[in-house]
Amino acid sequence: MKKQKTVITLVFAALICSAACMAFSVTALAEEDNVAATDGDRIVRSVGGEVGTSDWRYPAPFTFYPRGPGYVRMSMLFDTLTWKDANGVVPALANGWRVSDDGKTWTFYLNKDARWHDGEQFTADDVKFTFDYMKDYEGEFTWFEAIDYVDNVEIVDDYTVIVSLNEPMASFLVDIAGNMPILPEHIWSSVSDPTKFTGDDAVIGTGPMKLVEYNSAEGFYHYEANYDYYNGKLIVDEFITMGVSNAAASLKNGDVDEATFWGSAVDAVNEFVDDDDFEIITGPSFWVLQIIFNCDADKGYPTNNVTFRRAIAYGIDREEIVEQKLHGGGVAANTGILHPDAIWYNPDCEGYAYNVAEANAILDSLGFTEKVDGIRQYPSGAERSGDLKFVLYTTGKYLREGELIQAQLEKIGIKIELTPSDWTTIDSYLRDAEFDMVISGHGGIANPQIMRIPDWPASTYQSEEYTSTFAEQEVTLDFDDRKELVNQLQEMVAEDLPVYTLYHPYIWCVYNPDVLDTWFYTRDGICIGIPIELNKLIFLARYGDANENGKINMQDVTVIERMIMELDEPTDMADANKDETINMLDVTCVELTILGRAPIRCE
Amino acid sequence: MHYISKLTYYLVIILIILSINFFLPRAMPGDPLAYVLGENPDMPTRMTEEEREMRLAEYGLDKPLLEQYLNYMVGLSRGDLGCSIYYNTPVMDEILVRLKWTLLLTGTSTVIYMLLGIFLGAESAWARGKKKDTGSLITILTVSSFPTFFLGTLLAIFFAANLDLFPLGGARIIGASYANPFEKALDILHHLVLPAATLIIAHIGGTYLLMRNSMLSVLGADYILSARAKGLSERYIMNRHAIKNALLPVVTMAALTVQFMIIGTIFVEKVFAYPGVGNLLYDSVLRRDYPLLQGIFLFIAISVVIANFIADMTYLWLDPRVRDE
């Protein structure tokens with residue numbers, strides 16, 4: 001009997017332990033600080049992905065995870081010299097700029113009203129300090145590598161700096177001036193290990209938002225408005241980007257106010273089309289899915305033969321893939337990689353319309369004539385023998401595409417062994433040139449810099465002409481000349497087919513306009529090409545929204561517009577934002593249309 | 001004497017586990033940097049071969065495997081689990097910040113499913129063959145055999161998406177302001193209901209069956225017969241004689257539960273976007289975050305070993321037959 005008592009005691013001890021764990025957790029969790037929001041605050045919640053994928057590390061300049069979403073979370077806090085809106089480059093910390101004729105000397109006129117989050121004044125010293133610091137710690141800032149172009153920075157006065165380059169850099173205004181976060185000298189001058197520098201001081205910038213809390217476990221970023229912002233009036237009090245388990249359901253439940261969808265999520269987006277509570281904007285994803293061929297001279301037979309690759313291109317029906325997989329949520333891709341919505345797009349690249357006869361003719365001419373059970377055989381004496389068979393690697397996400405390609409290529413007598421794997425594994429095969437074909441995608445295709453080899457995935461492709469053309473466009477300042485070179489690059493890819501592009505998915509932003517109505521897609525992507533909608537300018541009263549309530553409606557109409565629209569009683573003066581100066585912030589949607597500049601959003 | 005040999009045995013086990021922890025993640029193809037260049041719909045990072053090598057060297061991944069292993073062991077002996085490659089912070093911090101959520105989730109569900117399982121199992125055995133027994137047997141076995149992610153999705157769709165009774169996921173309302181700690185605890189509990197319910201339903205079957213079987217064999221024992229002969233009431237016999245004895249195997253069960261406390265929740269945490277260790281483990285595998293993987297596995301392994309050790313010791317003490325072997 002005694003022992004039985006012990007047993008019971010033990011069982012209950014175990015249960016009590018569990019209960020204690022629970023109690024400990026509740027107490028520990030309940031004790032955590034929470035920031036009190038005042039009633040009436042305007043809080044905007046945005047989906048940052050699934051939990052686990054919504055964490056992009058601490059949003060300080062040297063600690064954010066070096067991918068688009070990581071950069072964007074940091075960019076809420078730190079401003080750059082220039083920035084981009086829906087139409088292109090706009091002033092940020094620099095009010096204006098001038099470039100010398102040789103393209104090597106850039107003068108920036110800085111904003112005199114900018115202050116750091118801790119109240120310190122922003123000056124030219126901070127800009128010079130940042131450039132020097134980035135050079136000193138080159139490689140620590142993993143987001144860009146172009147700092148090499150910068151020779152030195154000279155301070156003219158408190159609000160003018162001259163940046164001298166070693167050689168002209170065509171994309172300087174975007175890739176460096178619009179990319180490099182300017183750091184406060186009074187904080188960073190004493191920081192010697194920037195990648196380990198976190199904490200409150202590490203997130204003091206000049207941006208429109210201040211960091212309240214970053215939580216890696218729950219994967220959220222909580223920001224509050226920097227009401228002293230120099231570049232416009234804040235229309236949002238708090239902003240949260242967080243992980244959810246299901247974006248569409250969370251939107252409908254009101255847990256979040258905005259979410260991004262892309263590609264095959266078109267079905268989820270379509271559910272919101274008839275829903276009056278939500279609005280949808282469609283954007284370019286600047287993303288491409290492609291088949292990467294092994295072009296390696298030693299390991300790549302027979303895909304290292306360009307004629308062979310063309311046969312495969314003709315044998316793949318890209319329209320069917322777009323229809324079957326994306327249900328129309330994308331378009332067949334530019335075979336020259338760059339996105340059709342990018343200014344660098346070359347519309348004249350060879351399209352390889354689906355053509356089974358052509359594909360068969362090419363394969364026949366290459367000697368793959370003999371067939372066994374409908375599958376072509378390698379010609380005798382070739383490096384490989386037996387069935388013309390390839391392993392096609394892809395991640396689980398693109399299996400459907402793989403199956404369609406498998407079926408299509410079987411029709412021209414090529415056998416495909418579809419092998420799903422995870423991306424990390426595939427990447428190791430790509431780097432070692434141990435593969436036949438891989439289906440894989442990447443973003444950033446608004447910016448020609450993405451076509452650098454071997455940084456984009458076709459690292460087995462060797463072409464001197466390509467490499468020299470790429471290098472030339474990097475230093476060509478004249479837009480038309482550079483565009484011509486970028487056009488040639490795209491044609492070379494379309495001709496040589498180191499990759500065969502499949503499709504560009506669309507990207508959608510679905511949002512609740514009652515909470516925030518200023519969402520837009522950035523021209524050629526945020527910064528160096530990030531396609532997502534989290535541009536910090538959405539937090540500001542922008543062109544068109546004259547009364548700064550975050551919505552563009554009749555109340556924003558100014559006296560000029562009223563006259564144009566033949567309304568009798570003008571409700572407001574041309575100084576729409578009532579700051580007693582008439583400037584760009586007073587310019588509204590109708591005016592912008594008259595001025596020939598498309599507004600961000602117009603109802 | 002026996003205790004000492006047991007202790008040595010466990011030390012050897014831990015050493016083997018540590019080695020497996022080290023080599024297993026590295027046996028997977030790829031390395032931690034590939035994740036940076038992954039396929040998500042955003043701007044990829046461009047990295048040259050040299051930069052790549054530089055980064056790998058930073059994490060000490062360029063050294064020979066044996067040297068890395070020794071460094072790892074030396075670090076461990078100082079209690080240093082290393083730094084996560086993805087988060088760039090100490091592994092211990094990343095685990096601890098999530099552990100409280102996992103413990104809350106598993107702790108709550110363990111208490112409930114154990115108690116409920118014991119109670120239902122006993123009741124079921126007592127009413128063996130009757131409608132009550134068959135009914136609960138069939139129901140519990142059916143719902144318990146659903147995979148957790150399926151069950152979780154069902155609950156999420158029905159109770160969260162359709163009825164809007166509970167949140168879809170997460171552990172609390174992010175950015176909420178609470179008037180008092182009580183309100184905050186209530187919010188946390190509100191988020192806990194669905195994931196905990198999923199775990200309870202998924203795990204109750206084991207305890208229930210074990211208790212039912214154990215109870216059945218106890219019911220056939222002589223002392224139950226003599227209790228009946230003494231004229232004791234059925235309730236009294238069940239509570240004071242039968243259940244007490246039938247609980248023995250549940251002790252073992254309780255020890256085995258410890259591993260579930262940390263790891264058994266991966267799917268549930270994924271479905272409900274719950275910020276626990278299971279989620280962290282899943283993501284770390286994708287990211288090939290070796291130090292973090294090692295840390296999590298170590299955590300699990302050590303808690304399982306300790307639990308088994310305690311169970312072993314308890315048995316020695318409880319059951320003289322084991323001690324005499």
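## Salt bridges, rings and a pocket in a predicted model

A search of the whole structure finds 19 salt bridges over all chains. A salt bridge here is a side-chain nitrogen of Lys or Arg within 4 Å of a carboxyl oxygen of Asp or Glu. This is a predicted model, where local features need pLDDT of at least 70, side-chain atom pairs count only at pLDDT 80 or more, and totals for chains, interfaces and linings use all residues. Residues are numbered from 1 along each chain as written, chains are lettered from A and ligands numbered from 1 in the order in which they are written, and side-chain values use heavy atoms, without hydrogens and water.

### Salt bridges

| Pair | N to O distance |
|---|---|
| Asp364(A) and Arg376(A) | 2.7 Å |
| Asp524(A) and Arg523(A) | 3.7 Å |
| Arg212(B) and Asp133(B) | 2.9 Å |

Asp364(A) belongs to helix α10 (residues 356-365) and Arg376(A) to strand β16, both of chain A, so their bridge ties together parts 12 residues apart in sequence. Helices (H or I, at least four residues) and strands (E, at least two) are DSSP runs, numbered from the N terminus. Asp364(A) is partly exposed at 36% relative accessibility. Arg376(A) is buried at 1%. Buried means under 20% relative accessible area, exposed over 50%, and partly exposed in between, for a 1.4 Å probe and protein chains only.

Asp524(A) is buried, with a relative accessible area of 10%.

In chain B, Arg212(B) lies in helix α7 (residues 181-219) and Asp133(B) in helix α5 (residues 131-144), so the pair links parts 79 residues apart in sequence. Arg212(B) is buried at 11% relative accessible area. Asp133(B) is buried too, at 3%. Elsewhere in chain B, salt bridges link Glu123(B), Lys132(B) and Arg235(B) in a network.

### Aromatic rings

The structure holds 46 aromatic pairs over all chains. Rings of Phe, Tyr and Trp (its six-membered ring) pair if their centres lie within 6.5 Å; planes under 30 degrees apart count as stacked, over 60 as edge-to-face and the rest as tilted.

Tyr301(A) and Tyr378(A) form a tilted pair, 5.8 Å centre to centre with 35 degrees between the planes. Tyr301(A) sits in the loop between β13 (288-293) and α8 (306-314) of chain A, and Tyr378(A) in the loop between β16 (375-376) and β17 (389-394) of chain A, so the pair ties together parts 77 residues apart in sequence. Tyr301(A) and Tyr378(A) are both buried.

Phe22(B) and Phe23(B) pair edge-to-face, at 4.9 Å centre to centre and 85 degrees between the planes. Phe22(B) is buried at 1% relative accessibility. Phe23(B) is partly exposed at 34%.

Chain A also has a cluster linked by ring pairs, including Phe62(A), Tyr71(A), Trp188(A) and Phe197(A).

The criterion is NZ of Lys or CZ of Arg within 6 Å of the ring centre and within 35 degrees of the ring normal. Arg57(A) lies over the face of Tyr86(B), 5.9 Å from the ring centre. The charged end of Lys252(A) sits over the ring of Phe272(A), 4.9 Å from its centre.

### Backbone features

Tyr301(A) returns here: a cis peptide bond joins Tyr301(A) and Pro302(A), with omega about 0 degrees. Pro302(A) lies in the loop between β13 and α8 of chain A.

Asp373(A) has phi near 50 degrees, a positive value in a residue other than glycine. Asp373(A) is in the loop between β15 (371-372) and β16 of chain A, and is exposed at 78% relative accessible area. Ala433(A), also not glycine, has a positive phi near 55 degrees. Ala433(A) lies in the loop between α12 (423-432) and β19 (437-442) of chain A, and is buried at 8%.

### The second largest pocket

A pocket is an open set of points on a 1 Å grid over the protein atoms alone, where a 1.4 Å probe fits, with protein on both sides within 12 Å along at least five of seven lines; lining residues have an atom within 4 Å of a point. The second largest pocket is lined by 45 residues; nearest its centre lie Glu58(B), Tyr59(B), Gly60(B), Cys83(B) and Ile85(B). α3(B) gives the most to this lining, with 4 residues.
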